[in-house]
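I opened this model to look up its fold, its strand pairing and its surface. My notes are below the structure.

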Amino acid sequence: MTRKAISIYTTATCAMAIVIPGRFAIGIIIAAEVFLLTVFGTLFSALLKTLRINELRTAAMCAFLVSFTVLFKQLLILFMPETALQLSFVLYLPSISSFTTVFLIKEKQPPLKTDFLGNFAPPLIFTVYMLVFVLIRDCIGYGTITLPAPGKMIEIVVFPEWYSAAGTFFATIPGALVLSALFLSLFLAMEEKFKIIVKAGIDK
């Protein structure tokens, strides 16, 4: 990935992480959606290449991603109606964000195997970041770890009620903004350290 792509990807990931409810179960659902969008989006892109549909390629990919999200939401309504209601428009963010479009819509379509390998790096990074982010918010904000289950979310209490009440701020959107800023600062600091190490190695 180029530096520009990494910047776009980091910004989109942070933006989505802020608006997603701070529950680990919901992080798992969003991560699953992103992986499914990547798999079927890559296959659909290969189909467009096979059919030699070039002029309408971008429009067709966008329409497919949104349509797939609608199908995913309907399945979620069927199995977890309360969670689907809670997520609302959040489910559509991965399909319309630069996160998906930058990596799935390409000017030159590589072979399917190469495309799969290249497309799975961004969702993997997104999944790790998202799960760590919502796990911290779930533990500190609610004192629990939640897991998705048919018709409900399973709650595992990890901190007493008095402790979770003190950390409720991190369950809110302002709390998510603060936590996201801390994560982003850490990322930038690590990137700067990496540059220094690389530069030192080149100078030697």
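This is a predicted model: local features need pLDDT of at least 70, side-chain atom pairs count only at pLDDT 80 or more; totals for chains, interfaces and linings use all residues.

Residues are numbered from 1 along each chain as its sequence is written, and side-chain values use heavy atoms, with hydrogens and water left out.

Fold. I counted 10 helices and two strands (DSSP runs, H or I of at least four residues for helices, E of at least two for strands, numbered from the N terminus). I read the order from the N terminus as α-α-α-α-α-α-α-α-β-β-α-α.

Contacts. I took contact as heavy atoms within 4.5 Å. Of the contacts between residues at least 6 apart in sequence, 74% join residues at least 24 apart.

I found β1 (residues 144-149) and β2 (residues 152-157) antiparallel and joined by six bridges; pairing requires at least two DSSP bridges. Threonine 144 faces valine 157 of β2. Two residues separate the strands of this hairpin, and glycine 151 in the turn has a positive phi of about 80 degrees.

Surface. Of the 204 residues, 39% are buried (under 20% relative accessible area; exposed is over 50%, partly exposed in between, with a 1.4 Å probe and protein chains only). I placed leucine 51 in the loop between α2 (24-50) and α3 (57-79); leucine 51 is exposed, at 52% relative accessible area.
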